[in-house]
Amino acid sequence: MGVMLVCGRPVTLLFLISFLHFSFVSSSSSASTQNATRPRSPHSEAMRDYDEYDEETTTASPRSSSTGALELNPCDYDMCVEQRQTCMELAEVENCLCPGLSDLFTRPSPPRISDLIQQGGRGVEVNWCAPTSLISSYNVRVKGNGKVISSRVVEQHKRALVLEDVEAGAVVCVEAENNGGISDQSCANFEPKLSDSGLALKLGIIGGVVGLILLLILALLLWRHKKRQKLTARSETEGVL
């Protein structure tokens with residue numbers, strides 16, 4: 001009897017250990033199976049997507065900031081100086097920025113006459129600045145007595161034109177043209193200025209005329225003085241006789 005009790009205790013212990021191990025394995029497998037088969041909530045999916053998007057945004061932000069650091073400088077383009085190429089062509093070559101220009105299908109803004117310079121007797125050089133628009137040509141007109149006396153078409157890159165036979169007081173106008181229409185006119189009155197040689201000639205003529213008048217006055221005074229002397233001498237002679 002005593003031997004049976006002694007032998008039965010190890011068997012009982014082994015049975016208990018096996019039962020506990022089987023229960024632990026079963027509970028672990030059932031929990032993992034329940035977690036695997038349980039559907040994910042929309043809230044957890046949204047949080048996971050947001051975390052992934054946040055990581056991507058944080059990673060991509062240095063790249064975008066380095067790209068935004070690239071800045072373009074304004075083009076070295078003088079709107080009042082004649083150019084061989086347009087500002088848009090220069091921008092493509094130099095990788096620079098042109099001032100705000102409207103397209104060819106928008107009515108252009110007017111050019112601006114900067115100066116009228118007399119050339120010779122009745123010639124005049126008209127200078128202007130380009131408008132802030134893409135254009136195809138310029139129209140240069142000379143007006144007098146309320147009507148157009150002459151008209152010239154000038155290429156888009158030009159900024160000056162010499163006109164012949166422009167009378168004093170004539171109005172010189174410049175307008176820009178493109179596919180959208182014709183701009184308003186920029187006009188200036190031509191008032192010729194005397195050159196140094198012309199001024200000296202006029203002053204010489206005026207001086208000569210004044211000198212001639214003074215000479216005639218002096219001659220008249222001298223003639224009257226001599227005539228008075230003769231009359232005085234004659235009267236004295238007749239008194240003696």
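This dialogue walks through the disulfides of a predicted model, then one serine.

Biologist: What should I know before reading the numbers?

Modeller: The model is predicted, so local features need pLDDT of at least 70, side-chain atom pairs count only at pLDDT 80 or more, and totals for chains, interfaces and linings use all residues. Residues are numbered from 1 along each chain as its sequence is written, and side-chain values use heavy atoms, with hydrogens and water left out.

Biologist: How many disulfides does the structure hold?

Modeller: A disulfide is a pair of cysteine sulfur atoms within 2.5 Å. The structure holds four. Number the bonded cysteines in sequence order, and the pairing reads 1-4, 2-6, 3-5, 7-8.

Biologist: Which cysteine does C75 join?

Modeller: C75 is joined to C96, S to S 2.0 Å. The pair links distant parts of the chain, 21 residues apart. C75 is in the loop between α2 (42–68) and α3 (87–94), and C96 is in the loop between α3 and β1 (112–119). Those labels come from DSSP runs: helices are H or I with at least four residues, strands are E with at least two, and numbering starts at the N terminus.

Biologist: Why is the disulfide of C75 and C96 called right-handed?

Modeller: Look at the torsion about the S-S bond. For C75 and C96 it is about 95°, so the disulfide is right-handed.

Biologist: Which link is left-handed?

Modeller: The link of C87 and C98 is left-handed, with -120° about the S-S bond. C87 is in helix α3, and C98 is in the loop between α3 and β1, 11 residues apart. Their S to S distance is 2.1 Å.

Biologist: Is C80 buried or partly exposed?

Modeller: Buried means under 20% relative accessible area, exposed over 50%, and partly exposed in between (1.4 Å probe, protein chains only). C80 is partly exposed, at 34%. C129 is buried, at 4%. These two form a disulfide, with sulfur atoms 1.8 Å apart. C80 is in the loop between α2 and α3, whereas C129 is in strand β2 (residues 123–129), 49 residues apart.

Biologist: Now the serine. Where is S186?

Modeller: S186 is in strand β8 (residues 186–189). S186 is buried, with a relative accessible area of 13%.

Biologist: What does the side chain of S186 reach?

Modeller: The side chain of S186 reaches the backbone nitrogen of I113 at 3.0 Å.

Biologist: Which residues is S186 in contact with?

Modeller: Contact means heavy atoms within 4.5 Å. Leaving aside neighbours within four places in sequence, S186 is in contact with P111, R112, I113, V172, C173 and V174.

Key. Polar contact = N/O pair within 3.5 Å; in protein donor to acceptor, adjacent residues only side chain to side chain.
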